[in-house]
Amino acid sequence: LDIIQKEEIDSYIKINYLDDWKIWPKNNYFLSSAGKIAELLNQKYSLNRVEARKKFPHILEVDLEEKISSVIYDNGEKYFLLDDHGTVLKILGETGSVAPSSTPVTTTSSSTLLTVLTAAIHKPDYVKMKNNFGNYPIIFDTRYLPVTEKQNNILSAKIISATIMWRDLVEKEGTVGVRYFITENPLAGLGAVTNKDITVFWQPENDLSEQLINLKTVLRDEKPQEY
């Protein structure tokens, strides 16, 4: 569990099922329905799967897997948790880097001022984010756009859902492991920085399964040159 808390599940079942009866006591082992409890949880939460089981004489086991519908957005300065429509849910912390800045420099040969672009090389701390907040895809936007709390439409719902789906497809196939995503313009596509020291460029607007087939073809080479 990343977003849902165990205590929340316990309380929800108790209030909305076990204590919710008029004639038949649903908190009775023989009269309670594990199927109804699973159905109730499916209606309430976004889940990949859920199963409820009764164990005699008084145990109820619930096994569930959350459906990830959010991403972590990295604007180069802070990490933000976005919902499935691109709205900031909360600020997760500072990245520790600074945005690119223009610095005037005076040359020794003349009084001409030169403008030099300086920036710390930033890489999302994907290990820390996973350990602290869960296995959300991380999207690093190299434009360093200013973002505020509760801001809307940081990324489109299409890009968020496609990013989650693409990562799941790639990792379930065992092709590569995705560390984080990087983009200069989400509409132009994203790069997936992988555990094989290659970056896979892909397009959220195009057919994902076809792109996966192309990727598997390229990775048959020991040292793929491009994709």
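What covers the buried residues of helix H5? In this predicted model, local features require pLDDT of at least 70 and side-chain atom pairs count only at pLDDT 80 or more, whereas totals for chains, interfaces and linings use all residues. Residues are numbered from 1 along each chain as its sequence is written, and side-chain values use heavy atoms, with hydrogens and water left out.

The cover of the buried residues of H5 includes helix H4 (157-173) and strand E11 (199-202), where helices (H or I, at least four residues) and strands (E, at least two) are DSSP runs numbered from the N terminus, and contact means heavy atoms within 4.5 Å. Within H5 (residues 208-218), Leu208, Gln211, Leu212 and Leu215 are buried (under 20% relative accessible area, with exposed over 50% and partly exposed in between; 1.4 Å probe, protein chains only). Seen down the axis of H5, these buried residues fall within an arc of 105 degrees, so they line one face of the helix, the arc being that of the directions from the helix axis to the C-beta atoms. Glu210 and Ile213, on the other side of H5, are exposed.
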